[in-house]
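Hi,

Here is the structure I promised to pass on.

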Amino acid sequence: MTTNGALRNGSTVSGEPVALPARGVQGVSRQLARYSIDNVSTAVLPGDDIARVCLELSVSMLDGQDIPAKTGRLADAATEWAREGVPIDTILHAIHEGLKLGMDLVFSNGAVKDYANLVDGMKLVVETLDIMSATVARAYVRESKAAVSDHHTAVHTLTSALLGGYTTAAMVRADGVGIAEEYSVLAVEVPKHPDEQHPMLDGKVVARRKLRRLQAELATRCGEHALALLSVDGGTILIPTATLSDERLDELLAQLSAAARVPVTAVVVTASAALVPGAADRAHELLDTVRRLQYAPGLYRFADMALEYQLSRPGPGREALGSLLDSLDDHPELFQTLRSYISNNLNRQRTARSLQIHTNTVDYRLRRISQVTGLDPTTTSGVWQLRSALIARTFTKRSHPDSHIDAV
């Protein structure tokens, strides 16, 4: 690393070489330390050390000495400050303050005849500031990334242990994250972003960015308390009930959807730490039910899905209910309309929009369903039976052939 050789070999101010004497370094260091104590409340900053390193680096550049050792020392110091949790803006501010105070000592006796050297000196100060800022930033970011990686590994291990049922004493704490008494266990589905299918974009990159936005939003809303195993398609999130109440989970899901820029769907089941594995299995089973029934995106609780859960259990009752729709096998458009009508909460307008047909066509098809099945979808009892039959049929082998999946 080099600087302007002519400047370093012959720069003077009022006939004196442009250099900072040792006593100047010490004095400015003490002055900056006092400044840090008086003005920096965010952290206990080793201001004397920062000032000394930065000023010695400046002197080395002005004197024409080699400076790699000095930048190495500055990088080591920045790494240590990162480990101690000193904010990087505090460090960079101290660097600027140190250079400013140093410039006062170096150029305080400047005269008009020193104009050229003062201009060159200012250029060198800017170059010095650039070197020091870049050195600190690189070292600080490198250490911060390492810390984040370690924390992520610890959290991943803890989450895997909870989902695997290994809540032993050895897993009680991981990188400062403890096991809570009770969790909201969320099975999450994240649909593809439209740009993932864009022919001019890299779909994998778009998907990773979507996932990073979602993870960042989760960290913002729940901090280190939320444990998650997520992919671009979804996964599992564990949130201590003491951190976020059940009533606020709907708001959280809306925030995650906004961050991911796609409508996220989730099913939540509450369980103690020891029962997390079973709760996760049940939540994902119910999420699969939501997906098969093509329910609208949103947050579903076990109480919301109790009927669907029970009707999906094997047995003669499920077979009998599913058979109620056998008469629609020859009318795929009626079956599709019924499925859309129920998934849209009996809203005719939304049903028409989802099927891209007129509302009058929806009304006509509902009347035909009533004629063919003997169950009227516009009455409470008829809708209850048709919905139950639709759920039961979803989990039998007699799924309607017009479906693109082996379910409704």
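To start with something you can check on screen: does arginine 261 count as buried or exposed? With a relative accessibility of 57%, arginine 261 counts as exposed, where buried means under 20% relative accessible area, exposed over 50% and partly exposed in between (1.4 Å probe, protein chains only).

Before the rest, some ground rules. This is a predicted model, so local features need pLDDT of at least 70 and side-chain atom pairs count only at pLDDT 80 or more, while totals for chains, interfaces and linings use all residues. Residues are numbered from 1 along each chain as its sequence is written, and side-chain values use heavy atoms, with hydrogens and water left out.

The overall picture

The protein has 15 helices and 9 strands; these are DSSP runs numbered from the N terminus, helices being H or I with at least four residues and strands E with at least two. Of its 408 residues, 44% count as buried. If you take contacts between residues at least 6 apart in sequence, 68% of them join residues at least 24 apart, a contact being heavy atoms within 4.5 Å.

Two positive phi angles

Back to arginine 261: its phi is near 65°, a positive value in a residue other than glycine. Arginine 261 sits in the loop between α8 (249-260) and β8 (265-272). Glutamine 356 also has a positive phi, about 60°, although it is not a glycine. Its place is the loop between α13 (348-355) and α14 (359-373), and glutamine 356 is exposed, at 74% relative accessible area. For background, most residues other than glycine have a negative phi.

Salt bridges

A search of the whole structure turns up 11 salt bridges, each being a side-chain nitrogen of Lys or Arg within 4 Å of a carboxyl oxygen of Asp or Glu.

- Glutamate 196 pairs with lysine 210, with 2.8 Å between the closest N and O atoms. The pair links distant parts of the chain, 14 residues apart: glutamate 196 is in the loop between β5 (182-189) and α7, and lysine 210 is in helix α7. Both glutamate 196 and lysine 210 are buried.
- Arginine 348 and aspartate 363 meet in a salt bridge at 2.6 Å, N to O. Arginine 348 lies in helix α13 and aspartate 363 in helix α14, so this pair ties together parts that are 15 residues apart in sequence. Arginine 348 is partly exposed, at 29% relative accessibility.
- Arginine 291 forms a salt bridge with aspartate 288, the closest N and O atoms being 3.1 Å apart. Both lie in helix α9 (residues 276-292), 3 residues apart, which is about one turn of the helix. Arginine 291 counts as partly exposed at 36% relative accessibility, and aspartate 288 is partly exposed too, with 25%.

Charges without a partner

Which residue is buried yet has no salt bridge? That is arginine 365, whose nearest side chain of opposite charge, glutamate 333, is 6.0 Å away (Lys and Arg count as positive, Asp and Glu as negative; His and the chain ends are not counted). Arginine 365 is in helix α14. Not counting residues up to four places away in sequence, arginine 365 touches Glu333, Leu334, Thr337, Leu355 and Ile357.

On the surface, Lys204, Arg208, Arg209 and Arg212 gather in a patch of positive charge. Patch members have over 30% relative accessible area and no salt bridge, and like charges are joined within 9 Å, with each charge placed at NZ of Lys, CZ of Arg, CG of Asp or CD of Glu. Arginine 209 is in helix α7 (residues 203-222) and is partly exposed, with a relative accessible area of 47%.

One last spot

Take a look at proline 240, which is found in strand β7 (residues 234-240) and counts as buried at 7% relative accessibility. Proline 240 and glutamate 181 are 59 residues apart in sequence, yet 7.5 Å apart in space, C-alpha to C-alpha. Leaving aside neighbours within four places in sequence, proline 240 is in contact with Ala180, Glu182, Tyr183 and His225.

Cheers

How values were computed: Patch = residues over 30% accessible without salt bridge, like charges linked within 9 Å, V, L, I, M, F, W, Y side chains within 5 Å. Areas by Shrake-Rupley, 256 points an atom, 1.4 Å probe, with all protein chains shown as cover.
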